[in-house]
Structure formats: structure tokens, C-alpha cells
Number of protein chains: 2
Amino acid sequence: MTRRIPLEKKVLSENDRLAAELALRFGEADVFVVNLMSSPGAGKTSLLEETAKRLGSRLSLAAVEGDLATDRDAERLRKAGLPARQINTGRGCHLNAAQVTEAVVAFDLAALDVLFIENVGNLVCPAAFYLGEHRRVVVSSTPEGDDKPVKYPVAFHSADCVVLNKMDLVEAAGFSLEAFRRFVRGVAPRAPILELSCRTGAGLETWLDWLTAEREAARTAAHTPE
Amino acid sequence: MTRRIPLEKKVLSENDRLAAELALRFGEADVFVVNLMSSPGAGKTSLLEETAKRLGSRLSLAAVEGDLATDRDAERLRKAGLPARQINTGRGCHLNAAQVTEAVVAFDLAALDVLFIENVGNLVCPAAFYLGEHRRVVVSSTPEGDDKPVKYPVAFHSADCVVLNKMDLVEAAGFSLEAFRRFVRGVAPRAPILELSCRTGAGLETWLDWLTAEREAARTAAHTPE
């Protein structure tokens with residue numbers, strides 16, 4: 001066991017070093033970067049499709065898409081008018097900073113306002129890898145059940161914002177909003193919970209408000225002398 | 001990089017060695033072992049609850065529950081009459097054979113007919129770790145979307161059976177059964193797809209039939225001279 005621990009530390013710190021370089025580049029380019037995490041099928045891609053439709057005319061958006069296989073998600077985003085670069089991780093359960101560094105070569109960062117990084121669908125591994133992002137968003141969905149925050153506390157704890165998608169299925173799924181809110185408060189007391197439905201569009205304006213306000217906050221922080 | 005590869009191999013083979021020991025013990029005890037994998041909230045625990053209600057009077061069942069945190073799932077199963085032992089993996093994204101070896105100390109294996117191992121909710125990592133099981137089941141659910149088999153091909157490829165849960169939400173989720181079946185055929189051509197709903201009970205008898213038939217097949221195979 002003793003041989004494995006230093007090595008894991010070394011791998012993590014190499015990721016952190018690359019992520020810090022990414023963060024510097026994102027800051028210089030004045031592009032706001034959001035790292036999205038969720039279970040498979042919670043609706044990260046749908047959220048980005050709807051975001052592109054509503055915000056694409058006002059802000060220059062792009063996305064890096066992480067999946068084990070296929071470029072289905074990048075294709076969906078391109079159809080929604082969002083330039084997207086697919087990363088296939090094979091058996092990898094998360095994106096790392098080296099993969100993101102390679103992927104962003106496809107974009108002129110200085111011409112972008114917001115870059116979304118859609119992580120591999122997984123509520124465990126992605127939380128351990130910083131990618132230079134300004135904000136982390138965990139997308140949860142009502143059919144997954146209301147107890148996910150306490151069963152996957154590391155991901156939720158690291159979230160700056162929790163999006164609860166598929167509100168149109170809240171009753172059919174037997175989902176308790178009260179329980180979910182209590183569980184989120186327990187592991188991520190400061191994260192707002194944005195309840196919405198990508199299918200019906202309900203609640204999406206709250207998400208767009210959060211996104212644009214957080215972008216402004218990040219830009220203000222970056223330009224405030226220390 | 002070259003330093004990392006042999007080490008990973010070593011870790012994996014240590015797991016395989018322990019898993020092989022588990023498989024021998026399971027065989028000697030004549031207990032049929034099923035390893036269940038899925039995304040968070042696809043319905044593994046619900047499937048076991050319903051299985052216990054319907055099969056618990058005929059067969060002696062038990063379960064090992066894998067979660068990052070909480071013993072909520074083990075508690076649910078105990079309420080359904082299924083003896084369950086919880087393993088908390090902390091930040092671990094899958095169960096390993098050492099954890100299962102520790103957990104099964106709680107059971108008299110020879111007195112059991114079926115032992116379920118409910119893995120951590122994750123469609124990536126658990127597929128890489130053999131736990132000595134006779135069969136692997138991947139539980140998918142309609143709200144996750146019909147393209148999960150091609151986006152998480154490693155897990156589906158390793159499945160002996162694919163359970164498609166939440167069939168009561170198939171229309172509300174805009175899920176294409178035809179697409180799902182085609183995708184499963186692509187990555188797991190021999191795995192049957194069992195369409196059911198733990199909420200309504202529809203289709204559960206097909207799952208029970210599969211389970212009991214596979215148990216008989218495994219026992220016959222174990223007792224056939226080579």
C-alpha cells in the first residue's frame with residue numbers, strides 16, 4: 001500500500017499543475033469556465049442545448065464534451081449552434097486537465113465568453129479533478145431519487161450550484177423536494193438549488209440568471225487589485 | 001507514464017486473485033452471486049426490494065450494498081426482509097474484492113441461495129473489477145436516455161443481462177425502446193433485455209424467471225464433471 005499513495009499524489013498534483021495553467025489561460029482570455037458533473041442521463045447536454053438556444057445570440061459559447069465513447073453529445077450541441085469538441089476517455093471515468101488542455105486548442109479562447117466543460121457522466125470520479133474552471137455545477141434529476149446528495153456527498157460538496165432537472169417528472173418519480181433540499185443543505189450549505197425542466201423550459205431563466213451573474217462576479221474578482 | 005502501468009496491473013491482479021478466492025467460496029457454499037451495476041438512481045435497490053418480496057419465501061437471499069456514504073440502501077433492504085451488509089467506499093468509485101471478502105463475513109454463505117452485490121452507482125469503474133460473481137446485471141432506466149449502452153459500452157459489454165427499469169416513465173421520458181434495443185445489441189449481443197417497472201411491478205416475473213433459471217444453470221455447470 002505504501003508504494004501506491006505517493007504515486008497517486010504525484011498524479012493528482014500533475015493534474016493540479018496543468019489545471020492551474022488552464023485557469024491562468026482562461027483568466028487571460030476573459031472566458032468564464034463552468035465544469036458540469038452528473039450521473040449518466042441527468043441532462044447536462046440538454047441543459048447546454050437549452051442554454052445555447054437562449055443565450056447564444058448574446059454570448060459566445062463553446063463546450064468540451066467528455067464521454068467514454070461516441071461523439072453523440074458534441075453532435076447534439078453543434079446542432080444547437082454550440083461549437084463543441086468531443087473527448088473520448090475510453091475507460092476513463094473523468095476528464096483530466098491534460099485532456100482539456102488538448103481539447104481547447106480547437107477554440108480561440110479570447111473570442112469566447114463562456115466555455116462549458118461537460119464531464120463524463122459519473123457522480124464520483126470527476127469531483128476529484130480540478131480542470132481550471134471558475135464554477136462547478138452538479139446536475140441532478142428527479143428520477144434518480146432525492147437522496148443522491150448524501151449518497152454522493154463529495155460531488156455535491158464541491159458544487160457551486162446544484163441544478164435539479166426533470167422537474168416535469170417530480171410526481172411520477174415520487175421525488176420529495178423537501179428531502180432533496182434538506183440533503184443538499186447538509187453537504188453543500190451555500191450552493192443554490194435551481195429547479196428546472198429542460199423538456200418544458202420551466203425554470204431555465206433562473207439558470208441563465210445564475211450563469212450570467214456568476215460570470216460577472218468572476219470577472220469582477222479577476223480585475224480587482226489584490 | 002511507464003512507471004504507472006505495471007503498478008495498475010499489479011493492483012488489478014491482486015483484486016482478481018481475491019475475486020477468484022471469493023468465487024471458490026461461493027461455489028463451495030452453493031450460493032448464486034449476482035453483481036448489479038448502474039448509474040446512480042437507476043433502481044438497483046428497488047429491484048432488490050421487489051425481488052425480496054416475491055422470492056424471499058422460496059429462497060434464502062442476502063445482499064452486500066456498496067455506497068460512498070450512508071447505510072440507507074442496506075436499511076431499505078432490511079425493511080424488505082433482505083439481510084444486507086453495507087460497505088461505505090468513501091471516495092471509492094466501485095467495490096473491490098477485498099471489501100466484499102470483509103463484508104461476507106456477516107453471512108453464513110452455505111445457508112444462502114442467492115447473494116446480491118449492489119455495486120456503487122457508477123456506469124464506469126465497477127465494470128473493471130471482478131468480485132467473484134456468477135452473473136453481472138446492468139440496470140438502466142428510461143429517464144437516463146436510450147443511448148447509454150453506446151456511451152458506457154464497457155459496463156454494458158460485460159453484462160450477462162440488461163434490466164431496463166422505470167418502463168412506467170418510457171413515454172414521459174421520450175425514450176426510444178427501438179434505439180435502446182439496437183444499442184444493446186451492438187455492445188452486448190447475447191444479453192437479454194428485461195423491461196420492467198419496480199414501481200408498478202410490470203415485468204418483474206421475467207426478471208425472477210431469469211434469476212432462477214440462471215441460478216440453476218450455474219449450479220448445473222458447477223456440478224458437471226469436466
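**Exercise 1. Determine by what turn and shift chain B can be laid on chain A.**

Solution. Step 1: the model is a predicted one, in which local features need pLDDT of at least 70, side-chain atom pairs count only at pLDDT 80 or more, and totals for chains, interfaces and linings use all residues. Residues are numbered from 1 along each chain as its sequence is written, while chains are lettered from A and ligands numbered from 1 in the order in which they are written.

Step 1: The copies are superposed by least squares on the C-alpha atoms of residues with pLDDT of at least 70 in both.

Step 2: The same surface serves both copies, and 100% of the contact residues of chain B recur in chain A. Here two residues are in contact if their C-beta atoms, placed from the backbone, lie within 7 Å.

**Exercise 2. Describe the side of chain B that touches chain A, by helices and by residue class.**

Solution. Step 1: the contact joins 32 residues of chain B with 33 residues of chain A.

Step 1: at least two residues of this side come from each of helix 5 (148-151) and helix 6 (153-157) of chain B. Helix 5 of chain B gives the most, with 3 residues. Helices (H or I, at least four residues) and strands (E, at least two) are DSSP runs, numbered from the N terminus.

Step 2: by class, this side of chain B has 17 nonpolar, 7 polar and 8 charged residues. Ala, Val, Leu, Ile, Met, Phe, Trp, Tyr, Cys and Pro count as nonpolar, Asp, Glu, Lys and Arg as charged, and the others, Gly among them, as polar.

**Exercise 3. State the strand order of the sheet in chain B and explain why one side of strand 3 and of strand 7 is left without a neighbour.**

Solution. Step 1: chain B holds an open sheet of 7 strands in the order 3-2-4-1-5-6-7, with parallel pairing. Two strands pair if DSSP finds at least two bridges between them.

Step 1: strand 3 (84-88) and strand 7 (193-195) of chain B stand at the edges with a single partner strand each, so one side of each has no neighbour in the sheet. From one strand to the next, the twist averages 20°. Angles run from 0 to 180 degrees between N-to-C directions, and axes are lines fitted to C-alpha atoms, for helices over the stretch in contact.

Step 2: strand 2 (residues 61-67) and strand 4 (residues 114-118) of chain B run parallel and are joined by 5 bridges. In this pair, A63(B) stands opposite F116(B).

**Exercise 4. Identify where pLDDT stays under 50 in chain A.**

Solution. Step 1: chain A averages a pLDDT of 94, and 94% of the residues score at least 70. This score is the predictor's confidence in each residue, from 0 to 100.

Step 1: pLDDT stays under 50 over residues 1-5 of chain A, for which the model has 1 contact beyond four places in sequence. Where pLDDT is low, the predicted coordinates should not be read in detail.

Step 2: for the complex, the predictor gives an ipTM of 0.86 and a pTM of 0.90.
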